[in-house]
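Let's take a friendly walk through this structure, starting with one loop and moving on to a few helices. Have a look at it first.

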Amino acid sequence: MTPIVLILDDCRENQELVARMLKGLPGMEAVRTECFADAGVALAWCREHEPDLCVVDYHMPGMDGIEFIVEARRLPRFGGIPVIMITGSVEEGLQQRALAAGANDFLMRPVEVGEFRARTANALS
């Protein structure tokens, strides 16, 4: 089965970068990505679908990444889905808030490719 990774980032370049880093993960022939620039649209998609992993940005217009995680965790099938937050924000306490909201992992931009690939492969295993 091909894992589905939801990528939520309002920057198209960041979506494409994450999708590229997901290609050829160890032990996986392919990974399917579903990219969203709007957290509300991504949340609506999650009501009908079940990703195997979510990679979420923090700063976005409207609903931010933490608000998305809180709302997604309220969905019946979303409790066990791993969520990785990626951000360039140096806002104090952000990592703790993200983890408390339900993120399983937290990475700072710029993301080191090897570390990202190892963490996502672990989350998908």
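In which loop does His59 lie? His59 sits in the loop between strand E3 (53-57) and helix H3; helices (H or I, at least four residues) and strands (E, at least two) are DSSP runs, numbered from the N terminus. Before going further, note that this is a predicted model, where local features need pLDDT of at least 70, side-chain atom pairs count only at pLDDT 80 or more, and totals for chains, interfaces and linings use all residues. Residues are numbered from 1 along each chain as its sequence is written, and side-chain values use heavy atoms, with hydrogens and water left out.

His59 counts as partly exposed because its relative accessibility is 45% (buried means under 20% relative accessible area, exposed over 50%, partly exposed in between, with a 1.4 Å probe and protein chains only). Leaving aside residues up to four places away in sequence, His59 touches Asp10, Ser89 and Glu91, where contact means heavy atoms within 4.5 Å. His59 and Gly88 are 29 residues apart in sequence, yet 8.7 Å apart in space, C-alpha to C-alpha.

Now for the helix pairs.

| Pair | Axis distance | Angle |
|---|---|---|
| H3 (65-73) and H4 (94-101) | within 9 Å | roughly 15 degrees |
| H2 (39-48) and H3 | 10 Å | about 20 degrees |

The axes are lines fitted to C-alpha atoms, for helices over the stretch in contact, and angles run from 0 to 180 degrees between N-to-C directions. H3 and H4 are therefore roughly parallel to each other (angles under 35 degrees count as such). On the H3 side, Ile66, Ile69, Val70 and Arg73 meet Leu94, Arg97, Ala98 and Ala101 in H4.

H2 is also roughly parallel to H3. Here Ala39, Ala42, Leu43 and Cys46 of H2 make the contact with Phe68, Glu71 and Ala72 of H3.

Which residues of H4 are buried? They are Leu94, Ala98 and Ala101. These residues lie on the same side of H4 because they cover an arc of only 65 degrees around the axis, the arc being that of the directions from the helix axis to the C-beta atoms. Their cover includes H3, strand E4 (83-87) and strand E5 (105-108). Turned away from that buried side is a face with the exposed residues Gln96 and Ala100. After H4 comes Gly102, with a positive phi near 125 degrees.

Notes: Angles under 35 degrees count as roughly parallel, over 145 as roughly antiparallel, 65 to 115 as roughly perpendicular and the rest as oblique.
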